[in-house]
Amino acid sequence: MTDQMIPPVSLTLDDTNPDVFAAELGEEFRRFGFAVISDHGIDQSIIDNAVDRAKAFFALPVETKQKYYIEGGAGQRGYTPFGREAAKGEAAIDLKEFWHVGRDLPPGHPFRATMPDNIVPSEIDDWEAVTRLYKTLDQLGMRLLRAVARDLVLPENFFDDPVTDGNSILRLLHYPAQESTLPEGSIRAAAHEDINTITLLLGAEEAGLQVIDRRTNEWIDVNPPAGCLVINVGDMLQRLTNNVLPSTTHRVVNPAPERQKFARYSVPFFLHFRPDYEIRTLDSCISDDNPNRYPEPITAQDYLLERLREIRLL
Ligand SMILES: O=C(O)CCC(=O)C(=O)O
Ligand SMILES: [Fe+2]
């Protein structure tokens with residue numbers, strides 16, 4: 001395993017040479033299902049303020065945090081306690097707790113039927129900072145999808161409508177320090193694939209994130225340099241592209257002994273299609289060598305429900 005198997009691609013290339021940016025991003029996506037983006041342009045204070053809110057929330061007493069767990073809510077909003085989520089097919093629990101923020105929709109919006117309202121922890125000041133990060137990542141995600149569209153030789157704005165008012169979720173994640181005995185077989189996040197379209201991940205500079213190398217079937221460390229954004233293909237984009245862009249298995253391993261006393265915080269933004277978007281295999285991704293693997297289209301909402309059952313959140 002070498003450092004930076006997945007070399008950073010600078011987002012400034014998207015301004016100076018958009019087709020080269022799209023090609024480099026596409027190459028990393030096809031090879032790894034992951035890419036690392038440097039110079040992402042997000043104001044560091046927007047990230048820091050949101051992460052500070054997350055740290056303050058997770059530092060609250062367990063009973064206080066528990067008030068924000070929504071029974072029967074499939075973990076889509078608010079707090080999901082330690083030990084709740086397990087990766088698909090995994091018996092051992094993940095050593096993490098998290099908070100989910102969704103999209104704020106105006107009164108009467110049809111998607112409010114499937115996208116629940118956000119909740120706000122009253123103990124934490126300026127929770128708006130978290131919403132600001134949501135909006136920032138939402139915009140950056142759309143920009144990155146324009147590059148994905150160019151790389152797939154689709155109209156540049158192909159994804160604009162499918163992700164407008166999409167069911168995207170910002171996850172504030174806390175992997176506590178590991179100073180006492182751990183449950184048998186548990187790691188911070190067991191091997192899984194993401195359900196959504198693409199994921200934008202901040203905070204992965206603290207070691208632990210690993211991805212399967214599709215060529216060798218071995219785990220590789222992602223190790224992004226400080227200040228980079230990690231992005232990855234989720235199952236919905238994999239399905240839409242007939243596996244041309246692969247949703248790659250990844251995990252977060254436990255820290256080395258000298259880092260056990262440190263918690264790890266990370267912030268993935270799971271960018272989703274709108275609930276009524278029909279995921280139908282792109283013609284341009286079907287060929288004699290790669291016949292349509294998904295002849296039946298499925299809406300993003302039905303697909304999500306299917307997957308939430310598998311990870312025991314529903
Ligand atoms: O914490 C990380 O670095 C990755 C988290 C992740 O893969 C997830 O929450 O789906
Ligand atoms: Fe993930």
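Cys228 is buried, at a relative accessible area of 5%, where buried means under 20% relative accessible area, exposed over 50% and partly exposed in between, with a 1.4 Å probe and protein chains only. Cys285 is buried too, with a relative accessible area of 6%. A search of the whole structure turns up 0 disulfides, a disulfide being a pair of cysteine sulfur atoms within 2.5 Å.

Some ground rules before we go on. This is a predicted model, in which local features need pLDDT of at least 70 and side-chain atom pairs count only at pLDDT 80 or more, while totals for chains, interfaces and linings use all residues. Residues are numbered from 1 along each chain as its sequence is written, chains are lettered from A and ligands numbered from 1 in the order in which they are written, and side-chain values use heavy atoms, with hydrogens and water left out.

Let us turn to the metal. His192 (NE2), Asp194 (OD) and His250 (NE2) coordinate the iron ion (ligand 2) at 2.1 to 2.2 Å. Donors here are N, O and S atoms within 2.8 Å of the metal (3.2 Å for Na, K and Ca), and water is not among the atoms, so sites may look incomplete. Along the chain, the donors of the iron ion follow the spacing H-x1-D-x55-H. Asp194 is buried, with a relative accessible area of 6%, whereas His192 is partly exposed, at 21%.

These names return around ligand 1. The residues surrounding ligand 1 include His192, Asp194 and His250, along with Arg171, Tyr175 and Arg264; a residue is near a molecule or strand if one of its heavy atoms lies within 4 Å of it. The shell divides into 6 nonpolar, 3 polar and 3 charged residues. In that count, Ala, Val, Leu, Ile, Met, Phe, Trp, Tyr, Cys and Pro are nonpolar, Asp, Glu, Lys and Arg are charged, and the others, Gly among them, are polar.

Taken alone, ligand 1 exposes 300 Å², and the protein buries 97% of that, with accessible areas from the Shrake-Rupley method at a 1.4 Å probe and, for residues, only the protein chains shown counting as cover. The elements giving two or more residues to this shell are β5 (169-175), β11 (250-252) and β12 (264-271), and β12 gives the most, with 4 residues. Helices (H or I, at least four residues) and strands (E, at least two) are DSSP runs, numbered from the N terminus.

Strand β12 also holds Val267, which counts as buried at 5% relative accessibility. The C-alpha atoms of Val267 and Gly203 are 6.1 Å apart, although 64 residues separate the two along the chain.

Finally, visit the loop between β3 (78-80) and β4 (97-101), where Asp94 lies. Asp94 is buried, with a relative accessible area of 2%. Its side chain makes a polar contact of 3.0 Å with that of Lys96, and a polar atom of the Asp94 side chain lies 3.0 Å from the backbone nitrogen of Ala190. A polar contact is a pair of N or O atoms within 3.5 Å; within protein, one must be able to donate a hydrogen and the other to accept it, and residues adjacent in sequence count only if both atoms are side-chain atoms. Pro81 is found in the loop between β3 and β4 and is buried, at 13%.
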